[in-house]
Amino acid sequence: MSRFLAVEDSLVRMQRDLDRATSEDPKKVKWGMVIDLAKCIGCHACTIACVAENKLPPGVVYRPVLENEKGTYPAVARKFVPRPCLQCQNPPCTKVCPVTATYKNEAGVVVVNYKRCIGCRYCLVACPYSARTSDFGDWYTEGVTEADEVVYGKNAAAESYEADPATEYGKKWPKRGKGSPIGNARKCHFCLHRLAVNMLPACVTTCIGRATIFGNRNDPESLVFEMIASARAYQLKEELGTQPAVYYLA
Amino acid sequence: MPNQKSKERVMNSNPDWVVSRRDFIKTSAMLGSTMLCSGVASPFLADNRVWAEEIDNTYVHHLPENQIYSACQQCNTNCGMKVKVVDGMVKKIDGNPYSPWCMTPQIPEETPVKEAARIEGSLCPKGQAGIQTLYDPYRIVKVLKRSGNRGENKWKIISFDHAVEEIVNGGDLFGEGHVDGLKDIVVLRDPGIAKALAEDASLVAAKKMNIKDYKAKHAENLHYLIDPDHPDLGPKNNQFCFNWGRIKNGRGDLIKDFFSKACGSVNYHGHTTVCQGSLYFSGKAMSDQFVEGKLTGGGKFYWQADTGNAEFCIFVGANPFEANYGPPLRAQKVTEGTVDGRMKIAVIDPRCSKTAARAWKWFPVEPVNGVGAIAMAMIQWIIDNNRHDITYLTNANKAAARADREPTWSQAAWLVKIGSDGSPGKYLRGSDLERPLEERAGKDETTWNFDAFVVQSGDGYLSFDPNDENTIAEGDLLVDTTVQGIRVKSVLQIIHEASRKRSIDEWCELAGIGTLDFHEMAREFVSHGKKSVADLHRGVSQHTGGFYNVTAWYTVNVLIGNIGWQGGLCKATTHNYKGDLPGKPFDVTKQYAGGIKAWGVNIIRHSAVYDKTTLFEGFPAKRTWYPFCSDIYQEVIPSIGDQYPYQIKALLMYMGSPVYALPSGHTLINILRDTSKLPLFIASDIVVGETSMYADYIFPDTTYLERWEFPGAHPSVSPKVFPIRQPAVAPVIENVTVFGEQMPMNMEAMILSFAEKLGVPGYGENIFGPGGHMKREEDLYLRMVANVAFGDKPDGSDRVPAADAEEIRIFEQARRHLPKGVFDATRWKNVVGEENWPYVVYVLNRGGRFQSYANAYKNYQLVNAYDKMVGLYFENLVTTKNSMTGKPYHPHADFVPGPADCTGNLINDREDGFDMTLITYKYITQTKTRTGGNYWLNAVYPENFVEISTHDAGRLGFKSGDMVRMVSASNPGGEWDLGNGTRIPMQGKVRAIEGIRPGVVAFSLGHGHWAQGAITIEIDGHVVVQDKRRARGFHANAAMRVDPVLKNTTLSDVVGGSAVFYQSQVKLMKA
């Protein structure tokens, strides 16, 4: 083996961190994420992986990536900022919920109980990061051809990838069109259904620049712990006191 | 039960969310430590968890029985993928952790699939959205036959059998008169007659036989020929033409061999030149070796950077964060390299691409001629500063290279004879110095005369053999002298002189880049030993001088001798799958034993020299001939239109859309619509696409998630690999019966059915020996997989481990949803035999076989290195006449300005007011023609823009959001004329940005569709209503310059074949 050869993919390291976390005393585990903006290349894989994993309808996005350009030709910089729910440890969104449908769980993940949510959208307004969106019941296959006799067609397509909701929160949800999560506020939940089976969140594994780091931020051996301590680390709108569990590296 | 709590915690702690009390999260042992020890089973330890029915987390994607590893094809990177199937449907796609495309390094091959089930590699957004290609509402599911004129978008459904029958037998198929069927075209079937006709035809072409004698001798068989007066055009079989867009091995073998080996046609042409043809064909020229007196045998290939180990990389016209086989294969290596401190990158691109945005330096190069100018400046700077690798370059033969432990050697020191006009000609040979020839034994008991090459070595002139392994030949590098009255120069001298035609400042000015920045880049390039590399792609090759741009930039690499070194230039290496090596289980090359050998001039005149055929009637030829390249996509349909050199009677287009993909693709429409020029046009497609809409018949195909294919590798993949695409889900199309077998109605079924009806050799019973039938696709593909599993050593020591009982159980379980027409464990096992089966399963269970990253490197070199001579001076070019000028081709890296037409005359549309240079790029969510129906992707980037600099926007009075139309000298109306009454203006919204060079207008490819659901069509009286989302944005390829001489073809590189994307001038008008 030659010098400098990469010996381990960070995804493998994070998987090991995850396995250690899930064997821990649960009270000691607080999930955290670090997004390295220097490694983010604006590919939107996380956005689409999340949409695919959670079967998000039009208008619902848990993890958009914002693109912008700075500077003047030829001194130009382009910035890409993935923006999931920042999983605030002092979340403004939960406080305004009139039915306590949204709250921070023990591991520090802000979740939504679809069964309780009444769709008032107060939380959407309260979030200083615009990290929540409403499910208005739209379909990507709306408006496509219905000529099912001669092409694959709308019904088959909708049945194939839109009708069955994902197993968010580990639950089996009814066919789309019959209740939750339509009408609910929706947001990133760190793929709890995957963590339950020792799998990293979808945005983490699909990240082609290895810009997203995930793990137990209480575990000093974990990569996420190490990265939170980086001199480049900061929190979005730190001054608001929301204490996000999602950090950025400048 | 400690893990019970953990389950509660991760799911939720609210009592509404009651979760299982069963212990199903049993933590695996720690990963890393054991994983790093090769040969030890990976630590994803099997556990005792009870599966789906016993847990109430309804998520089941993590179960190995719900996963199939395959290869993506949302673009040509062909990443490994993990397809998660639930209830018979694809529910999610992720990266394959066994694949080096998706992880660096990937997990060990020995990791049991059960343990890999929870691990995913990365995948780009297109890969993530592949479900929407598979389940596209506009997918066609039946064979369609046009019911109106070509391109009228009116279709009727016809049964598969009926369609095959019509195509094979011909007749009055459309009420427009008789159409020849395939049986009327594929007429020459007797190998003996074919051989006799072919051998004498080449004598006629070589003027060694009189045409009258030929006709007299073969009077009985002249009816097989296209034109008895030009027998070198070959048999009528050649009038059956195959053209493909994206095809890889396996599938590619099945369909190409049907044309070439079963039907005996020379016309099977790919699409390489629309991608990066001149890159491939520069690689071909540079890899020619000295074989029995000839410089020959170069492979169609190219090099890329060993991205994960380079310390400095210049990406020239390459954008690995968005395209360029980069995501995910190379992106991780660059982000980790640059951020974590291993590497630095510079990017040469007129646009501040996402890669440029992360670069140490971005060079906003002038797109028309800048890239070549920078290469010349680099060559000059490196040699003048004495920073070339003199030890390496001095080596003139294999013995010298091996003595220095160098994988390669070059021609830098070789001497070339200089003509009276000062231009370089052939190599100086021993015979020029009256040194004796040496008779040597060749293959097949022939002999040949070895005439030595010569280098100057101090005061003497050393004769040498490039392949000599014992006698070291080293030569002086910069030589300009006269020997025995012959003026000679060394190759490096010739190239150095070319680089000194302008000063560094002048080259930089021509390229539009800062001289100081250039000096810093050059200094950086020579400051990392062999771990510096220039990585090239389309932005170098898609110019009229593409071949010279590419060879110039590769010469820059050769100057530091980085080929084959860790962190230098790398090539792709794959396992042998055809089995034509000793010890292999199945030699599938023997399939077509009874077929005729295809012969004759092909329709695009590739690998052929005009003045060495009977068609020669002075210069220029009617259309360009291409002796040094092949797969010239832009030549196929225009040559059919001009019927040069002969008429094509039937064209099959597979997974290709040249109308959309080619520059000036609009010129193809009228040709395709003309039934007198092209009587029969068959397409294999998954939708009614921008090109297949002009076909007579469209056969539905399976998508990449429903079928087989072997994608091969890319040059930046350092491990030896063999990825496998395999059926992951039941096809959405119905079954048909061919050779008595049930199979999905896909491309393979269509070809097999043609073969069955035509009765051509290579199919049916006992083709691969007794009991070895060739009736179904997997009869071929599984044998190929068995060959790969066996490995490349005759004694079988390179064989993969056998799958154990548990892996075989998972394999079968994971395919429980596949219908019998696709998968049948017993039938599959019978194809390869009991003995091979566990090895085949082992490979299929991992989506291929992949050498470990660690084993791909040894002693700072690539284990799978290119380890031969590297050509820098191309004698074959200088001894061949250009068909359009009658002059020899220029034989070495140089600055060759453009754009030029096919006769070499420069085009200057700028003078006529077309003030902006048009360029294209890829936005990562789109692949040219394939991803328009992926709604998740369209949600991220619904339309493309006319991207110009804020400077130009101000100058032209545009602001972001303004609608503008793009017009050019060859498309003054700025529109697509679809030939069916519909005209689509080339107009889009302005986006004024800082990150683009002033004077340049860019658009991303993949929008502005007018088929595949973007337009309403009629099938069997049903209206298939358009989805306007699929038509959003615009497509400006029709603004690209049409060659003024040919008039129906884009500009092209006459040497390397590339279609020109970056040298068209346009004007923007307010729409």
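Guide: Let's start where β5(B) and strand β44 (residues 1017-1019) of chain B pair in the parallel sense, over two bridges. Two strands pair if DSSP finds at least two bridges between them. Within this pairing, W155(B) sits opposite I1019(B) of β44(B). A word on the names: helices (H or I, at least four residues) and strands (E, at least two) are DSSP runs, numbered from the N terminus.

Before going on, keep in mind that this is a predicted model: local features need pLDDT of at least 70, side-chain atom pairs count only at pLDDT 80 or more, and totals for chains, interfaces and linings use all residues. Residues are numbered from 1 along each chain as its sequence is written, while chains are lettered from A and ligands numbered from 1 in the order in which they are written.

Back to β5(B), which also pairs with β4(B), this time in the antiparallel sense and over four bridges. There you'll find K145(B) opposite K156(B) of β5(B). Step back and you see the whole open sheet: nine strands of chain B in the order β9-β8-β27-β28-β29-β4-β5-β44-β45, with mixed pairing. Its edges are β9 (268-269) and β45 of chain B, each pairing on one side only. In a regular strand the side chains alternate between the two faces of the sheet.

Elsewhere in that order, strand β28 (residues 680-685) and strand β29 (residues 697-700) of chain B run parallel, joined over four bridges. The residue to look for is I682(B), which stands opposite Y697(B) in β29(B).

Helix α6 (residues 160-169) of chain B lies across β4 (143-146), β5 (154-158), β28 and β29 of chain B, and runs at about 50° to β4(B). Axes here are lines fitted to C-alpha atoms, for helices over the stretch in contact, and angles run from 0 to 180 degrees between N-to-C directions. Two residues are in contact if their C-beta atoms, placed from the backbone, lie within 7 Å.

Y644(B) and P645(B) are joined by a cis peptide bond, with omega about 5°. Another cis bond links F619(B) to P620(B), with omega about -5°. P620(B) sits in the loop between β26 (569-570) and α22 (633-642) of chain B.

There's also an open sheet of three strands in chain B, ordered β1-β2-β3 and antiparallel. Its edge strands are β1 (67-71) and β3 of chain B, each pairing on one side only. The twist averages 30° from one strand to the next. Strand β2 (residues 80-86) of chain B holds on to β3(B) over six bridges in the antiparallel sense, and K84(B) has K92(B) in β3(B) as its bridge partner.

Finally, zoom out. Chain B has 31 helices and 46 strands. Its radius of gyration is 29 Å, close to the 31 Å that the globule rule gives for 1071 residues, so chain B is as compact as a globular protein of that length. That radius is taken over C-alpha atoms, and the globule rule is 2.2 Å times the number of residues to the power 0.38. Along its principal axes, the C-alpha trace of chain B spans about 95 × 75 × 70 Å.
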